[in-house]
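I opened my notebook for a friendly walk through one model. Here is what I looked up, in the order I took it.

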Amino acid sequence: MTEAPEPAPRLECFPTSPTPPELVPGRPDRDWMDAFAARHPYRCLPLSMANTTGWELLCPFGFEAEWDGGLAAEAIRFTPDADAVHFEHFAASHFTHGIITFHTGWLFRTPPGWALRASGSPNRFKHGLAPLEGLVETDWLPYPFTMNWAFTAPGKVRFEKGEPFCFIQPVEHRRIEAFEPVRASLEGDADLGRQYEAWKEARTLFNNSMADGDPEAIKQAWQRYYFRGEYPDRAERPEGHVNKRRLTALPEAPAPVAAPEPGPRVDFRAWSAVGALGTKSPAED
């Protein structure tokens with residue numbers, strides 16, 4: 001008999017507010033990557049994979065925050081956009097020292113042994129503000145965590161509506177301590193050493209051809225070994241190579257159930273009288 005497949009691990013998302021921030025799979029696009037000629041950074045597969053390996057929490061409205069350099073909570077002044085609702089329940093100066101605290105609006109639960117790494121969106125930068133990363137044991141925690149950003153210098157920053165303020169990524173954190181770094185030698189792994197030398201030779205040849213203005217190299221523009229999942233010295237491809245992340249989106253909240261139409265009004269005084277009459281004994285007539 002064939003064994004039943006293991007159920008897919010679940011990231012349970014419990015809203016802690018009536019309208020929690022939107023949760024979406026990580027998106028690959030970045031403004032600074034778009035600004036490059038021919039969008040060159042998108043050729044770097046590790047960048048795109050990091051951008052999409054997790055879920056983003058999005059700002060429900062835009063706002064500005066200005067820090068005067070002081071250490072008190074009042075040193076940060078917030079100016080929410082006109083459409084902001086209950087802003088004080090979303091962002092605040094809670095920890096002082098120029099730190100903005102965001103409430104995620106969700107309580108997350110992961111399978112045993114799995115935690116959530118909470119951080120800023122990978123490869124997305126904000127001048128004057130840095131995300132503080134945390135690893136949260138969401139396999140048991142019965143309350144939500146916050147996402148925090150620290151000003152790096154006095155000044156003003158802005159978050160736009162729909163801009164990610166938190167990036168969550170499941171991490172099997174209890175197994176990382178089982179890893180043991182081992183110093184190895186390429187001479188001791190003949191196959192890996194040969195592949196490395198083949199790649200180095202091909203890379204040097206390609207770079208020299210580009211520098212010399214070779215038309216074929218210029219047409220090729222970049223080597224695609226890693227993007228395609230190819231070895232430099234053989235036709236076979238490695239198993240499990242991934243060049244696009246496809247995460248599951250959080251389903252929409254179910255529509256609220258409409259209240260039933262009110263039925264005909266009952267005169268409970270008449271009903272009580274009828275009930276009383278119905279309980280009389282024949283002797284009382």
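I started with a definition: helices are DSSP runs of H or I with at least four residues, numbered from the N terminus. The model I am reading is predicted.

**Entry: helix H3**

By that naming, I found H3 at residues 190-211. I noted 22 residues in H3, and a reach of 32 Å from its first C-alpha to its last. That is close to the 32 Å expected at 1.5 Å a residue. Next I looked at what follows H3, and found glycine 213 with a positive phi, near 75°.

Which residues of H3 are buried? I wrote down Gly193, Gln195, Phe206 and Ser209. I then checked what covers these buried residues, and helix H4 (215-220) is included in that cover. I jotted a reminder that an α-helix has 3.6 residues a turn, so residues three or four places apart point the same way.

**Entry: the whole chain**

I stepped back for the totals. The protein has six helices and 14 strands. It runs to 285 residues, and 28% of them count as buried. I also looked at contacts between residues at least 6 apart in sequence: 68% of these join residues at least 24 apart.

**Entry: an open sheet**

I traced four strands that form an open sheet, ordered S6-S7-S12-S10, with antiparallel pairing. At the edges I found strand S6 (91-92) and strand S10 (129-132), each pairing on one side only. I zoomed in on S6 and strand S7 (residues 99-103), which pair in the antiparallel sense over two bridges. There I saw alanine 92 opposite threonine 101 in S7.

**Entry: cysteines**

How many disulfides does the structure hold? I counted zero. I looked up two cysteines while I was there. Cysteine 44 is partly exposed, at a relative accessible area of 31%, whereas cysteine 59 is buried, at 3%.

**Entry: the largest pocket**

I finished with the largest pocket, which holds about 530 Å³ of space. Its lining is made of 23 residues. Which of them lie nearest its centre? I listed Glu22, Trp106, Leu250, Glu252 and Ala253. Strand S1 (12-15) and strand S2 (23-25) are the elements that give two or more residues to this lining. S2 gives the most, with three residues.

Methods: Residues numbered from 1 in each chain as written. Predicted model: local features only at pLDDT ≥ 70, side-chain atom pairs only at ≥ 80, totals over all residues. Heavy atoms only, no water. Expected span 1.5 Å × (residues − 1). Buried < 20%, exposed > 50% of the residue type's maximum accessible area, 1.4 Å probe, protein only. Contact = heavy atoms within 4.5 Å. Disulfide = S-S within 2.5 Å. Pairing = 2+ DSSP bridges. 1 Å grid on protein atoms, 1.4 Å probe; cavity = no way out; pocket = protein on both sides within 12 Å on 5 of 7 lines; lining within 4 Å. Points joined across faces, edges and corners; volume = space filled by probe spheres on them.
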